[in-house]
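Q: I'd like to learn how to read a few features of a protein model. Can we go through them one at a time?

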Amino acid sequence: MSDDLKRLAALAALEEIRNGMVVGLGTGSTAAHFIRELGARVRDGLNIVAIPSSEASREMAEQGGIRLTTLGEHPHINVTVDGADEVSPQLDLTKGLGGALVREKVVAHASERVVIIVDEGKIVEKLGSRAVIPVEVVPFAVDFVIHRLSAWGGLPRVREKDGKVFVSDNGNYVIDWKYGPLDQPALVEKQIKSVTGVVDSGLFCQVAQLVIVAGSGGIRKMVRDTSYGI
Ligand code: 5RP
């Protein structure tokens, strides 16, 4: 997505923010635009506190003058704004190509409202069509989890960065599981989580309430349909 579109989506998400809110900050290049713009509003007098989902986002927020808090002080987040790698028509997501999936999921689950900002290229019919499914594991369990995922199919690989094994902010490894399109992502999310040694996966099912999609035609909003109790 062009930087302009990322910024457009981030600016649209600012409409969700009100004085006095506790705001969850996502991670990644699109979320970075949101943090930058939020910082500008704070410097103009907006009164919020924020909880970052990664060390990178924490640093950005601090540099922007955003007051930070913790889940200990504020266990209830009003709204979280984050990016995603894939969005399905049901508003389920794959996340974590930036490696912050676990903290992102904690922040999202602590939130009353989760707003996702993406470009139209991230919209897919089925999760797993384009992106791998990141799985964060404690280092001791990595071979065990790879073995388990291989038995289910697809190709699990330990993530590397700059020629070394990638280590998350939590001190864990990430397995990128190339599986292909998922028919039942919520089931797969539960199945992955049930493996001992797995901290969590980048499948975020039934978490987002609103997805703001930026495209060449402008902004489009996808709202999760909860009429069937989903
Ligand atoms: C990081 C994430 C990001 O939100 C996701 O990878 C999208 O990033 P970007 O906005 O840079 O495309 O889940 O863990």
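Q: How much area do domain 1 and domain 2 bury between them?

A: Keep in mind that this is a predicted model. Between them, domain 1 and domain 2 bury about 1,200 Å², with 55% of it on carbon and sulfur atoms. On the domain 1 side, Val102, Lys105 and Cys205 lose the most area to domain 2, together 39% of what that side buries.

Q: Which residues make up domain 1 and domain 2?

A: The domain assignment gives 3-124 + 205-223 for domain 1 and 133-200 for domain 2. Their C-alpha centres lie 24 Å apart, and 14 residues of domain 1 are in contact with 13 residues of domain 2.

Q: How many salt bridges are there between domain 1 and domain 2?

A: The count is two. As for Lys105, its side chain meets that of Glu189 in a salt bridge, at 2.7 Å from N to O.

Q: Now the rings. How many aromatic pairs does a search of the whole structure find?

A: It finds two. Take Trp152 and Trp177: the ring centres are 6.1 Å apart and the planes sit at 50°, so this pair is tilted. Trp152 belongs to helix H5 and Trp177 to strand S11, so the pair ties together parts 25 residues apart in sequence. Ring pairs link Trp152, Trp177 and Tyr179 into a cluster.

Q: Is Trp177 buried or exposed?

A: Trp177 is buried, at 2% relative accessible area, while Trp152 counts as partly exposed at 28%.

Q: Which residue lies over the face of Phe204?

A: That's Lys95, at 5.7 Å from the ring centre. Likewise, Arg159 lies over the face of Phe166, at 5.5 Å from the ring centre.

Methods. Residues numbered from 1 in each chain as written. Predicted model: local features only at pLDDT ≥ 70, side-chain atom pairs only at ≥ 80, totals over all residues. Heavy atoms only, no water. Phe/Tyr/Trp six-rings, centres within 6.5 Å; stacked < 30°, edge-to-face > 60°. Helix = DSSP H or I, 4+ residues; strand = E, 2+ residues; numbered from the N terminus. Buried < 20%, exposed > 50% of the residue type's maximum accessible area, 1.4 Å probe, protein only. Lys NZ or Arg CZ within 6 Å of the ring centre and 35° of its normal. Domains from an automatic or database assignment. Contact = heavy atoms within 4.5 Å. Buried area = accessible area lost by both parts, 1.4 Å probe. Salt bridge = Lys/Arg side-chain N within 4 Å of Asp/Glu carboxyl O.
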